[in-house]
Each structure stands twice: as structure tokens, then as C-alpha cells.
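Biologist: I would like to learn how to read pockets and helix packing in a model. Could you take me through them in turn?

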Amino acid sequence: TKTAFYFDGWMPYDAEAAVRSVLEENKCYYEIAAPAEEEDHPVLLRQKGLAEPFQVITDLYSTPSVRDLDPTPYLAPFYFIFFGLMLSDAAYGLILSVACFIIKKKFRLEGMMKQLITMFFYCGISTAFWGILFGGYFGNAISVIASTFFHSDFTLPPVWFDPVSDPMTLLVFSLILGAIHLFAGMGLQAYQLICHGQVLDAIFDIFLWYLLLIGLVLFGI
């Protein structure tokens, strides 16, 4: 009517006291009820520690339903590793981390922007790490400048190996990481199926794939 209205809304459990206080302060009639077991409702994800900034990746795609597993703690280490592995340049990684650090100190960031900048700060560290292992410093700019302008063969050698001169080692290493990533994802799916009581689905849809893939690897070896 012109003088009354009502609405429904959702809130986290730990916000109930604050919501009650506001409603009672404004002399509102209200009723608070827990969601039904099969009822779909919004999802609020909260991470702890180093996984917290990587929640932005989950939010950019889609948050899981209330009955699904939160993938953020499990995707965070793989995203951290793969981001650095793909860029793998120590100079670029250092620039990225320093730039993100300055932005965090200079500006008061909140929400998704804060998570994004923090995530790129960590990813810059990963990029610098892999760059040192592979000997990447602005690509091969250092050796080109040394030979062109100073007639020197100065280079910064890789700690592990140079992917340009030894691509097969990188290919094998990438396949191993990819297999670990694939197996971890399949394992999480199996865990979720078992939690939902779908044990046979976990056996026939996941564990048989484990047998097949591991068998193919052993056969190849």
C-alpha cells in the first residue's frame, strides 16, 4: 500500500544479530527462518589464507550451489603454478608483483578488485620463480643487448634448463603437471559424488578412468 510494504531476502547466519537489531530499531515486523533442506539460495564464499584472493576466479565463472564443493582452495595452487609457468619470465614477474604491491599500498581496495590485485601479486611471484628456473629475463633481451651493443656473449643461465633449447623436457614436465591437475579434478568429482551417495557413479565414471589413464601411462613406459 502507500504506507506499507514487505520483502524477502537472504543473509548469512552470522549477520542475523545485526539484521535483527536494525529491524527492531526501525520497529519492523519480521520473521527469520532457516532455508529448507532442498531449497536453493544464494552462496557466499569465504576463503582463508592464501586461497582468499583466488576466489575472484570462482566468482568470475560461477559460484557452486549449496550442495556442491567449493573449488577455490583446490584451484588456487594450480592457477598459481600454471600462471607462472606460462609466463615464466623473472623480470616480468618482478614488475607485476611490485606494481600490485604499490597499488595495494597506495589505494584502499575492496571486494573483487582487492582480490584481483592480490592474486596478481602472488602470480607475479610464481612468474619470477619459473623465470629464474628457465632463465627468462625479458625474454632473451639481455643476451641480445649484450651481443649487439657490447659484443659480449653474456647471458643469465637458467637454474634448471632452457625451454627453447630443450623443449622436450618442458613438454614432458607439462604433461606430468597436466596429469596431476586432471587426476586432482577427477578426485574432487569422485569425492562429491560419494558425498551425495552416488558411490557407483564415482566408481564407474571416475575410478575406471583412473585405471584406464594410469594403464595407458604404464603401457607407454
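**Pockets and helix packing**

Modeller: About 1200 Å³ of space lies in the largest pocket. This is a predicted model, in which local features need pLDDT of at least 70 and side-chain atom pairs count only at pLDDT 80 or more, while totals for chains, interfaces and linings use all residues. Residues are numbered from 1 along each chain as its sequence is written, and side-chain values use heavy atoms, with hydrogens and water left out.

Biologist: What is a pocket, and what is its volume?

Modeller: On a 1 Å grid over the protein atoms alone, a pocket is an open set of points where a 1.4 Å probe fits, with protein on both sides within 12 Å along at least five of seven lines; lining residues have an atom within 4 Å of a point. Grid points are joined across faces, edges and corners, and the volume is the space filled by probe spheres set on the points.

Biologist: Which residues lie nearest the centre of the largest pocket?

Modeller: Gly9, Trp10, Met11, Ile32 and Ala33 do, out of 33 lining residues. By class, the lining of the largest pocket has 22 nonpolar, three polar and eight charged residues. Here Ala, Val, Leu, Ile, Met, Phe, Trp, Tyr, Cys and Pro count as nonpolar, Asp, Glu, Lys and Arg as charged, and the others, Gly among them, as polar.

Biologist: What is the volume of the second largest pocket?

Modeller: About 370 Å³. Its lining has 19 residues, with Phe134, Gly135, Gly136, Gly139 and Asp162 nearest the centre. Of that lining, 11 residues are nonpolar, seven polar and one charged.

Biologist: How are two packed helices described?

Modeller: By the angle between their axes and the distance between the axes. Axes are lines fitted to C-alpha atoms, for helices over the stretch in contact, and angles run from 0 to 180 degrees between N-to-C directions. Helices are DSSP runs (H or I, at least four residues), numbered from the N terminus. Helix H3 (residues 72–87) packs on helix H5 (residues 111–134) at about 50°, with the axes 7 Å apart. H3 is therefore oblique to H5; angles under 35 degrees count as roughly parallel, over 145 as roughly antiparallel, 65 to 115 as roughly perpendicular and the rest as oblique.

Biologist: Which residues make the contact of H3 with H5?

Modeller: Contact means heavy atoms within 4.5 Å. Among the residues involved are Tyr79, Phe80 and Phe83 of H3 and Met119, Tyr122 and Trp130 of H5. The contact of H3 with H5 comprises 12 nonpolar, three polar and no charged residues.

Biologist: At what angle does H3 pack with helix H7 (residues 167–195)?

Modeller: About 165°, with the axes 11 Å apart, so H3 is roughly antiparallel to H7. Phe78, Ile81 and Phe82 are among the H3 residues that meet H7, whose partners include Phe173, Leu177 and His181.

Biologist: How far apart are the axes of helix H4 (residues 90–106) and H5?

Modeller: They are 7 Å apart, at an angle of about 160°. That makes H4 roughly antiparallel to H5.

Terms used:
Helix = DSSP H or I, 4+ residues; strand = E, 2+ residues; numbered from the N terminus.
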